Amino acid sequence: MPAGFDGLHVVAFESRRAEEMGVLIARHGGRPLVAPTMREVPLREMPDALAFARRLLNGEVDVVILLTGVGTRTLAAAIDQEYPRERWVEALRRVTIVARGPKPVAALRELGLAPTVTAPEPNTWRELLAALDQKVPLQSQRVAVQEYGESNPDLLEGLRQRGAEVTAVPVYQWALPEDLKPLKSAIRTIVAGEIDAALFTSANQVRNLFQVAADMGLEHALRDAFRRMAVGSIGPTCSDALRTLRVSVEFEPDHVKMGDLVRGIARASKRLVAKKRVAADAGVDTTAWRRADMVWAGAERQASLTDSVFLRACRREPVPYTPIWLLRQAGRYQREYRELRAKVSFLDLCKTPDLAAEVTLMAVDRLDVDAAIIFSDILLLLEPMGIGLEFAKGEGPVIHHPVRTGAAVDQLAEVDPQALDFVYEAIRLTRRALSPSLPLIGFAGGPFTLASYAIEGGGSRHYAHTKTLMYRDPVAWHALMEKLARAVTGYLNGQIAAGAQAVQMFDSWVGCLSPDDYREFVLPHSGFIFSHLTPGVPAIHFGTDTATLLELMRDAGGDVIGLDWRVDLAEGWARVGYDAAVQGNLDPVILFAPPAEIRRRANGILDKAAGRPGHIFNLGHGILPETPEDNVLALVDAVHERSEELRVKSEEWKGDGRS
Ligand code: CP3
């Protein structure tokens with residue numbers, strides 16, 4: 001499993017750091033082609049800026065429109081070359097100054113000036129024109145428009161329609177290189193289909209590349225070529241420039257750093273480029289696509305899910321390497337997730353199938369894990385029972401009608417399987433777009449954990465209300481557990497029917513019970529669930545703080561038993577018995593340690609598993625929101641890199657793997 005470009009042809013457009021970029025690509029196993037797209041423009045080469053200054057000083061300008069902060073500053077620096085600042089700033093003070101938004105306002109402030117008019121949010125040319133209509137008559141006015149990078153014909157036209165006499169004042173800090181031959185040659189190479197991946201480190205590179213391609217008559221051919229390449233972008237501004245030109249971005253690092261960009265895309269590019277090519281061949285418009293739009297065709301579709309590393313491990317069959325996936329692998333530790341969550345609430349995200357599918361696929365794409373888990377939450381199942389679920393900002397889940405009496409239990413509705421249709425639909429969408437060799441895990445909460453939320457009304461420390469109901473009114477308790485067990489069973493089987501290859505039951509908080517209480521109050525109900533699941537589909541039984549409950553959990557059911565970090569993996573497995581597989585068990589907080597320590601700890605766990613068939617690597621509990629994503633990638637790679645060694649060992653286990 002190579003973690004690099006592995007011989008792919010990689011183009012980059014970096015100018016100032018062109019050499020460094022080439023070295024970086026080569027170091028990650030790529031064949032670099034670096035074609036600079038920019039050169040810094042000396043201020044004295046800005047004739048439009050100086051022509052504007054002359055007209056301003058001659059009293060030939062009535063209105064100045066400033067569109068960008070950088071542009072305003074560059075304009076000022078260019079004029080400073082020729083004219084004393086007091087003089088031209090004084091001239092500017094006499095005209096109407098219009099700012100498009102806060103950035104030009106800040107630049108004006110540095111000059112001791114304030115705008116006459118500022119366009120309101122979202123500061124596009126439309127708000128700008130609307131603001132002018134209210135405050136500045138434009139008939140016969142001489143208007144100068146500062147532009148940066150690109151001209152905006154809509155704005156210029158709008159001004160002319162209002163009777164203004166318009167002059168554009170383009171200022172550029174970056175222009176095309178003087179010698180365009182290397183760039184043109186690179187464009188031809190890309191268009192010929194000889195490049196697999198492209199790296200962009202600024203928005204100007206994107207614009208200049210497309211401008212040169214347009215001059216060569218190759219703009220469409222270039223865009224077409226990008227439909228079949230993996231594209232990496234350094235950050236949001238650069239990605240926006242690419243999307244504006246209808247180039248999809250496959251990878252953006254968490255930090256705006258060249259090293260992170262190259263490392264990240266190197267790790268993923270083989271997969272990403274193969275996927276994009278299959279999609280393009282299948283007729284998907286890969287110039288602007290979401291992960292959920294992926295369509296698999298031909299040979300890929302024949303890949304055998306049954307033989308996937310994850311499902312083999314669930315069945316305790318020998319595997320070429322230890323499969324890994326991570327609890328909460330999609331979540332707030334990821335920039336892409338946070339960006340999406342800024343626009344949509346957690347519940348809406350879970351209830352919108354194409355968004356839930358997108359997030360599920362995003363995690364797999366970025367991490368390169370061996371299984372996907374559908375993006376959802378265990379508490380959604382409680383909602384149709386009528387408990388009033390809400391995810392309050394910063395407080396976690398809140399349940400407005402806690403269930404604390406026998407009467408309240410009786411009032412709980414039986415869950416209509418249709419009520420969770422959005423989850424089944426998310427599973428169908430994910431399954432269609434997910435790599436045909438990667439299994440999708442469905443999940444539900446365990447009955448005890450669900451009961452604890454329903455009774456406490458949220459998270460808890462001592463589970464006092466929960467245990468009180470259990471001890472004081474066992475009849476009501478068992479009635480509640482039976483209701484939950486029926487709901488969970490139907491829900492998990494519904495997910496299997498929709499396309500999940502395995503299911504996990506999260507009984508996260510059972511660890512607060514004594515073994516005797518677990519046996520009496522939980523085991524029969526969990527046992528009901530596992531014995532009523534669709535046969536042939538591996539089930540994972542997960543809990544935390546369960547070191548004293550492992551044998552009982554195994555008795556309740558599950559082909560794979562979850563182990564958290566509080567128990568030694570070798571001991572835990574021995575207790576569970578080798579006729580079950582195990583999943584775990586790294587402490588999620590280890591992910592805050594340096595990569596070398598993460599690797600050491602991962603190896604420690606792999607050593608405990610000793611290559612015995614039936615180990616799925618995971619964390620003991622979910623990834624914490626502050627976890628650096630890079631460390632998560634380091635963990636996945638560390639586990640995968642041990643594959644050669646493990647392959648040898650798992651051969652040794654053949655035959656006595658079940659002993
Ligand atoms: O693992 C995955 O990637 C799949 C998604 C998943 C979520 N929750 C998403 C989520 C899974 C498998 C769960 C299970 C879950 N939910 C459990 C059992 C596993 C565990 O962690 O113990 C429990 C107890 C819950 C209940 C829950 N959901 C709580 C207590 C909270 C709030 C605490 C927190 O982490 O914010 C949630 C919210 C939640 N579930 C988030 C995510 C990504 C965060 C939501 C956000 O974006 O604000």
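How exposed is R428? R428 is partly exposed, with a relative accessible area of 41%; partly exposed covers the range between buried (under 20% relative accessible area) and exposed (over 50%), using a 1.4 Å probe and protein chains only.

Before going on, keep in mind that this is a predicted model, where local features need pLDDT of at least 70, side-chain atom pairs count only at pLDDT 80 or more, and totals for chains, interfaces and linings use all residues. Residues are numbered from 1 along each chain as its sequence is written, and side-chain values use heavy atoms, with hydrogens and water left out.

**Salt bridges**

- The model has 46 salt bridges, each one a side-chain nitrogen of Lys or Arg within 4 Å of a carboxyl oxygen of Asp or Glu.
- R428 pairs up with E425 in a salt bridge, with 3.1 Å from N to O. The two sit 3 residues apart in helix α19, so about one helical turn separates them; helices here are DSSP runs of H or I with at least four residues, strands are runs of E with at least two, and both are numbered from the N terminus.
- D285 and R246 meet through their side chains in another salt bridge, at 3.2 Å from N to O. D285 is in the loop between α12 (258-281) and α13 (298-301), while R246 is in the loop between α11 (236-244) and α12, so this pair ties together parts that are 39 residues apart in sequence.
- Both ends of that pair are partly exposed: D285 has 37% relative accessibility, and R246 has 40%.
- E414 forms a salt bridge with R486, and their closest N and O atoms are 2.7 Å apart. Since E414 lies in the loop between α18 (406-411) and α19 (421-433) and R486 lies in helix α22 (residues 474-498), the pair ties together parts 72 residues apart in sequence.

**A buried asparagine**

- N123 sits in the loop between β6 (117-118) and α6 (125-135). At 14% relative accessibility, N123 counts as buried.
- A polar atom of the N123 side chain lies 3.2 Å from the backbone oxygen of R100.
- Leaving aside residues up to four places away in sequence, N123 touches R100, G101 and P102, where a contact means heavy atoms within 4.5 Å.

**Cysteines**

- A disulfide is a covalent bond between the sulfur atoms of two cysteines. The count in this model is 0 disulfides, going by cysteine sulfur atoms within 2.5 Å.
- C238 is buried, at 3% relative accessibility, whereas C512 is partly exposed, at 25%.

**A nonpolar surface patch**

- V589, F592 and L624 form a nonpolar patch on the surface, with about 230 Å² of accessible area together. Residues in a patch have over 30% relative accessible area and no salt bridge; nonpolar side chains (Val, Leu, Ile, Met, Phe, Trp, Tyr) are joined within 5 Å, and like charges within 9 Å. The areas come from the Shrake-Rupley method with a 1.4 Å probe, and for residues only the protein chains shown count as cover.
- One of the three, F592, is in the loop between β19 (581-586) and α26 (595-609). F592 counts as partly exposed, at 37% relative accessibility.

Technical notes: A polar contact is a pair of N or O atoms within 3.5 Å; within protein, one must be able to donate a hydrogen and the other to accept it, and residues adjacent in sequence count only if both atoms are side-chain atoms.
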